[in-house]
Amino acid sequence: MATPYLDGPIYYLTCPSGHEERVLLGNPKHEVLFQMGSYALLDENYWAAIAMFASSIEEFWEFALQCTYAYQNVTPLPVPRVNRLGNRGRFLRTWRKVFTQQPPGTRQYPEPPVLTDEELEIRHKVMHRGHIPTKEEAFDLGNLVLTRVSPAMEALRWKVNGAVGTASAAIIAAAKARLNLGEPTAAIQDAMILHDAETQPQRRLVDYMPHLRKLDALFEELQTASKV
């Protein structure tokens, strides 16, 4: 889809031939935010990249909470949010309750994907103290989020199984109602970096940059062609 990302999950698109579609983007919001941060790296906008990566991991906490609530048959979903710091504590408690240590020889689950105060210092410096980040600082924070959220998302799919789909449907329905969006006529799941990294955990952001450059060039071509 050669279109900017939106807050809601449904995109109103018109193809060069004039056909209109309402396309549902099924990726969780934390994947979208991380992808936006990765494109910001490509644009050398390191301030925006750091903001997006920090937002991505916080949004993952919210998504994981809704998945665990669905797993515990909590209704109605989605459960209302709390403030950022309260959400971190609620996420940690819930994750540790659901993903308890397994007996030796069975599947082991990752620690909750949070960042330490030291790791988050770059975010605070950028957002609140006017720090101009370097390329290395932006890539470092992105890789921290990548290497913690991807295995945690894989663990969610493994442990709570169908609850991920239940939570996703509830989140999408709530967004459609909040933004007064219509029903989709088509649906896609984009191959975003966080989603891809679940199957290729050894890859880091630098490995994805050539792919993003190709996509960027393709989108520019499509947008140019649509104006002809």
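**Entry 1: the sheet**

I began with strand β2, residues 20-25, and found that 3 bridges join β2 to β3, the two running parallel. This is a predicted model, so I read every value as computed from it.

Next I asked in which order the strands lie. The order is β1-β2-β3, in an open sheet of 3 strands with mixed pairing.

**Entry 2: N27**

I moved on to the loop between β2 and α1 (29-42), where N27 is found. Is N27 buried or exposed? Its relative accessibility is 7%, and buried means under 20%, so N27 counts as buried.

I checked its side chain and found a polar contact with the side chain of E31, at 2.8 Å. Leaving out residues up to four places away in sequence, I listed what N27 touches: V32, Q189, D190 and M192.

**Entry 3: helix α4**

I turned to α4, residues 117-128, and asked which residues are buried there. They are L120, I122, R123 and V126. Viewed down the axis of α4, these buried residues fall within an arc of 130 degrees, so they line one face of the helix. An α-helix has 3.6 residues a turn, so residues three or four places apart point the same way.

On the other side of α4 I found D117, E118 and H128 exposed. Last, I looked at what follows α4: G130, with a positive phi near 70 degrees.

Definitions and conventions
Residues numbered from 1 in each chain as written. Predicted model: local features only at pLDDT ≥ 70, side-chain atom pairs only at ≥ 80, totals over all residues. Heavy atoms only, no water. Pairing = 2+ DSSP bridges. Helix = DSSP H or I, 4+ residues; strand = E, 2+ residues; numbered from the N terminus. Buried < 20%, exposed > 50% of the residue type's maximum accessible area, 1.4 Å probe, protein only. Arc of directions from axis to C-beta. Polar contact = N/O pair within 3.5 Å; in protein donor to acceptor, adjacent residues only side chain to side chain. Contact = heavy atoms within 4.5 Å.
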